[in-house]
Amino acid sequence: MPGYLNKEILVLGCGNILFGDDGFGYHMIKRLNELKEQYPILNSEKIQLIDAGTGASHFILSLIDGETPLKKIVIADIIDYGLEPGTLKKLCVEDIPNLPKYHVDAHDMPLAGMLREINDDYGIEIVVIGCQQKRVTAPDILLELSEEVTNSIDDAVKMVVDELN
Amino acid sequence: MGKTVEINPTTRHEGHTKLVLKVDDDGIVEKGNYLSVTPVRGFEKFLVGKPAEFAPIAVSRFCGICPIAHATSAVEAIEDACGIVPPKDGLLLRELTGLGNKMHSHPLHEFLIAPDFIPEKDRVEYITRIQQMRKTGQYIVDTIGGEAIHAPNIKVGGMLKSITPSAASKIYYKCKEFEKLAKEQVEYLIPIFENRTLVDGTEIPEKLGYHDFGYLATDSTYGNRENIEQKKVHEYTPYDVYEKEVAVQACTTIPRYNGRLMEVGPRARFAKFHDFKEKGAMAIHIARAYENVIHVKRAMEIIEELNVDGLTRAKDPILGDGEKLGLGVHEAARGHNTHQASIDEKGRITYYNAIVATTWNIPLIGKAVEGTHYKFAEHVVRAYDPCVSCATHMISLDYDNKVVNEKYFK
């Protein structure tokens, strides 16, 4: 199986770098990679950091099965809970919306249902480190995060590292 | 009298499209329009002015299914524009990453068509096989590309680094397993497609999906810019092809080669490189199933040919003259994928254009549903495995350089 499925913990940065704050996940993975010296846990063989973009459902989550030794998946993504932009919120599997099955389009498959199933079927712990977005510009391209979301990255990194310990 | 049938959205593929079909009193499609309705993304516009190295990173985001195919086309285009020739072992590794992507993508499509063709009693075994195949495809991308999705090792000039001898032997071993599964898949699927029978017993018309257009493919497994004359490629607007009320909703250009619509993808490659003469929707499925075997054989050949200690990346500076239009060609899972780029003397992108695989197939799919009952149209669509999100690049000028619709500039 792919190397990342042989780990114990996956950290997935989800979202699209091209649509403003949706790039939060990408920037989180980038920052975590930069901080490997400061946080030695990030170098652990048991952990894999992945810039999952919009492909997590196809390339990662849909390949998990009973043989996968994964124990935990930590997801960094934006949320929209109407909070102050940049506010960080830790979500567990119970907090993930229970969406009905969605069979129309494999491209837009939402993660929520898959994450719940992975938790139910294989007992893999799911934690989402969510950051309240300010602006997601899709379909217009904007390469920068908002200032508020940028300022939350270091705190979000600490939350991810806490989950790894 | 006849009537118009609209199927919106079409399902079990990637992206958003619909079918607008003019049918006669017996339900036979007289005129088929298959059009993308995914919003325009404008990649070609915002890439201008950015450093060349950003292109593979950005275009990997065209869509979540074939990031590798786009990154590969991008670096090939930039290398062509800058006169950079990657070293042999770098190219072998790059081809292998692309094969991993296809070895994941083709089985994924075989999963998407399962509800059409696979009896309930066989599904668990069928899908288990597919999942094992997808894992190997992903293992290759993960190991050689450096990451599962947006492979950071695909660089202008070659590949960032090589793999270890032990990784190479693991890939070889996994390819042996994949080959066995791919052959089982061929044995299982070909009779189903040759019998032309849906899982509910409905017989598929013999000529479903037949067309008389051309085939475009440049290589059996990788891509070769020498095998296409890009000057013969012209992009038309939907207004040149569809009626106005349909065209106004379409979000892709219509490329033609020598003025002709061309099919790209597994069957086109098979027609060009393996003397495959079958036609119709079922023939595409058949070619795709066989391609899984071709891909894995080539992957094993590459491992045997690869020198893991070889140079993987050319050291030339990534600079162009701002004028030369580089061409990057990659035979993606869904077909002939081209990116074109010009790079200035400071290494910035001055022009970018992509004609991605499904762009070629979109106008053709509409034509290919003509002549049979509209209830079979979805099976023609699905046979092409359309991946529409990345194809949405609308141009605003027609071939006489007349502005077609100003609103698309905004």
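**B:Val264**

I began with the surroundings of B:Val264, and, setting aside neighbours within four places in sequence, I found it in contact with B:Leu216, B:Arg334, B:Gly335, B:His336, B:Ala357, B:Trp360 and B:Asn361. I note at once that the model is predicted. B:Val264 sits in the loop between strand 9 (262-263) and helix 9 (266-273) of chain B, and I looked up its accessibility as well: the relative accessible area is 2%, so the residue is buried. I also took one distance from this residue, to B:Glu79, which is 185 residues apart from B:Val264 along the chain, and the C-alpha atoms of the two are separated by 24 Å.

I then moved to B:Arg267, which has its place in helix 9 of chain B. Not counting residues up to four places away in sequence, B:Arg267 touches B:His211, B:Tyr215, B:Phe276, B:Glu278, B:Lys279, B:Gly280, B:Ala283, B:Ile284, B:Ala287 and B:Tyr384.

In the loop between helix 9 and helix 10 (281-305) of chain B I stopped at B:Asp275, where phi is near 55°, a positive value in a residue other than glycine. B:Asp275 counts as exposed because its relative accessibility is 57%, over the 50% that the term requires.

**Annotated cysteines**

I looked up the UniProt record next, an unreviewed entry, and it places a "binding site" feature at B:Cys63, B:Cys66 and B:Cys387. These positions are spread over 325 residues of sequence, yet they cluster in space, with a largest C-alpha distance of 9.0 Å. Of these residues, I found B:Cys66 and B:Cys387 in the lining of the largest cavity.

B:Cys63 is found in the loop between helix 2 (54-59) and helix 3 (67-82) of chain B, and B:Cys66 lies in the loop between helix 2 and helix 3 as well. I recorded B:Cys63 as buried, with a relative accessible area of 3%, and B:Cys66 as buried, with 8%. Apart from residues up to four places away in sequence, B:Cys66 touches B:Asn101 and B:Arg334; B:Arg334 is also among the contacts that I listed for B:Val264.

The unreviewed UniProt entry also has a "binding site" annotation that covers B:Glu44 and B:His393. I located B:Glu44 in helix 1 (residues 43-47) of chain B, and at 13% relative accessibility it counts as buried, since the term applies under 20%.

**Cavities**

How many cavities of 30 Å³ or more does a search of the whole structure find? I noted two, and the largest cavity holds about 40 Å³ of space. I listed its lining as B:Cys66, B:His70, B:Ala332, B:Arg334, B:Asn337, B:Val356, B:Ala357, B:Thr358, B:Cys387 and B:Cys390.

**Chain B as a whole**

I counted the secondary structure of chain B at 12 helices and 12 strands. The radius of gyration is 21 Å, close to the 22 Å that the globule rule gives for 410 residues, so chain B is as compact as a globular protein of that length. Along its principal axes the C-alpha trace of chain B spans about 65 × 55 × 30 Å. Buried residues make up 63% of the 410 residues in chain B, and of the contacts between residues at least 6 apart in sequence, 72% join residues at least 24 apart. The chain exposes about 15,400 Å², of which carbon and sulfur atoms supply 51%.

**Backbone details**

I checked the peptide bond from B:Asn8 to B:Pro9 and found it cis, with omega near 0°; B:Pro9 lies in the loop between strand 1 (3-7) and strand 2 (17-23) of chain B. At B:Arg196, in the loop between helix 7 (165-195) and strand 6 (214-215), phi is near 50°, again a positive value in a residue other than glycine.

**A:Val11**

In chain A I looked up A:Val11, which is found in strand 1 (residues 9-14) and is buried, with a relative accessible area of 1%. Its contacts, not counting residues up to four places away in sequence, are A:Ile29, A:Leu32, A:Ile47, A:Gln48, A:Leu49, A:Ile50, A:Val74, A:Val160 and A:Leu164. I took the C-alpha distance for A:Val11 and A:Ile47, which are 36 residues apart in sequence, and it came to 7.5 Å.

Note on methods
Residues numbered from 1 in each chain as written. Chains lettered and ligands numbered in written order. Predicted model: local features only at pLDDT ≥ 70, side-chain atom pairs only at ≥ 80, totals over all residues. Heavy atoms only, no water. UniProt positions renumbered as here; feature names shortened; annotations may be inferred. 1 Å grid on protein atoms, 1.4 Å probe; cavity = no way out; pocket = protein on both sides within 12 Å on 5 of 7 lines; lining within 4 Å. Helix = DSSP H or I, 4+ residues; strand = E, 2+ residues; numbered from the N terminus. Buried < 20%, exposed > 50% of the residue type's maximum accessible area, 1.4 Å probe, protein only. Contact = heavy atoms within 4.5 Å. Rg over C-alpha atoms; globule rule 2.2 N^0.38 Å. Areas by Shrake-Rupley, 256 points an atom, 1.4 Å probe, with all protein chains shown as cover. Points joined across faces, edges and corners; volume = space filled by probe spheres on them.
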